[in-house]
Amino acid sequence: MTTTPFSSAHRLYVKSLYRRMLKNELDWVVRRDIWRGRALMIRAEFERNRDVHDPRALAEIFEKAEADLAERQHPDPYIPPAMPGGTKWERNIPPTIAPLYDHIAEGHH
C-alpha cells in the first residue's frame with residue numbers, strides 16, 4: 001500500500017482491516033461473550049501498533065496482518081439471511097408491476 005501514514009486512505013484501510021478481522025472472528029465464534037474477549041485482543045494488537053509512523057514498518061505490519069487474516073479466513077462465513085447469498089434472499093419476491101397478459105384476447109383458452 002502506498003498511502004502515507006495517517007492520511008484518509010490510511011485510516012480507511014486500517015478501519016477496513018479491523019472490521020474484517022472482527023467479522024472473521026465472529027464467523028468462528030458464535031457466542032458473543034467469548035467473541036468479546038477475542039475482539040479485545042484484536043483491539044490491543046491495533047493499539048500496540050498505533051504509534052508506528054515509519055511507512056516501511058507499517059507496510060510490514062499490514063502485510064503480516066493480511067497474511068494472518070487470509071490464513072484464519074473461515075471457509076463458510078456467516079451471511080445474514082436477508083443479504084445476497086443468505087437463506088432468505090429473494091424468497092418472497094414481490095410480484096412484478098408489468099402489464100398483465102390477456103390470454104382471452106390473444107385467442108389462447
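Trainee: Why is Asp-27 called buried?

Mentor: The relative accessible area of Asp-27 is 13%, and buried means under 20%, exposed over 50% and partly exposed in between, using a 1.4 Å probe and protein chains only. Asp-27 is therefore buried. Keep in mind that this is a predicted model, where local features need pLDDT of at least 70, side-chain atom pairs count only at pLDDT 80 or more, and totals for chains, interfaces and linings use all residues. Residues are numbered from 1 along each chain as its sequence is written, and side-chain values use heavy atoms, with hydrogens and water left out.

Trainee: Which residues is Asp-27 in contact with, leaving aside its neighbours within four places in sequence?

Mentor: Asp-27 has His-74, Pro-77 and Tyr-78 as its contacts on that count, where contact means heavy atoms within 4.5 Å. Asp-27 itself belongs to helix 1. Helices here are DSSP runs of H or I with at least four residues, strands are runs of E with at least two, and both are numbered from the N terminus.

Trainee: What makes Trp-28 partly exposed?

Mentor: Trp-28 has a relative accessible area of 41%, so it is partly exposed. Trp-28 also sits in helix 1. Not counting residues up to four places away in sequence, Trp-28 touches Arg-72, Gln-73, His-74 and Pro-75. Trp-28 and Tyr-78 are 50 residues apart along the chain, with 8.9 Å between their C-alpha atoms.

Trainee: And Asn-24, is that residue buried or exposed?

Mentor: Asn-24 has a relative accessible area of 3%, so it is buried. This residue of helix 1 touches Leu-69, Arg-72, Gln-73 and His-74, once residues up to four places away in sequence are not counted.

Trainee: Let's turn to helix packing. Why are helix 1 and helix 2 called roughly antiparallel?

Mentor: Two packed helices are described by the angle between their axes and the distance between the axes. For helix 1 and helix 2 the angle is about 150 degrees and the axes are 9 Å apart. The axes are lines fitted to C-alpha atoms, for helices over the stretch in contact, and angles run from 0 to 180 degrees between N-to-C directions. Angles under 35 degrees count as roughly parallel, over 145 as roughly antiparallel, 65 to 115 as roughly perpendicular and the rest as oblique. Helix 1 and helix 2 are therefore roughly antiparallel.

Trainee: Which residues of helix 2 make that contact?

Mentor: Helix 2 brings Arg-32, Trp-35, Arg-38, Ala-39, Ile-42, Arg-43 and Phe-46. From helix 1 come Val-14, Leu-17, Tyr-18, Met-21, Leu-22, Glu-25 and Leu-26.

Trainee: How do you know that Ile-42 is buried?

Mentor: Its relative accessible area is 12%, so Ile-42 is buried. Ile-42 lies in helix 2, which spans residues 32–48. Beyond its neighbours within four places in sequence, Ile-42 is in contact with Tyr-18, Met-21, Leu-22 and Glu-25.

Trainee: What makes helix 1 roughly parallel to helix 3?

Mentor: Helix 1 (residues 8–28) and helix 3 (residues 55–71) pack at about 25 degrees, with axes 11 Å apart. That angle makes helix 1 roughly parallel to helix 3.

Trainee: What does the UniProt annotation say about residues 14–70?

Mentor: An unreviewed UniProt entry annotates them as "domain: Complex 1 LYR protein". UniProt positions are given in the numbering used here, feature names are shortened, and annotations may be inferred rather than shown by experiment. In the model, residues 14–70 are 84% helix and 0% strand, and the end C-alpha atoms are 16 Å apart.
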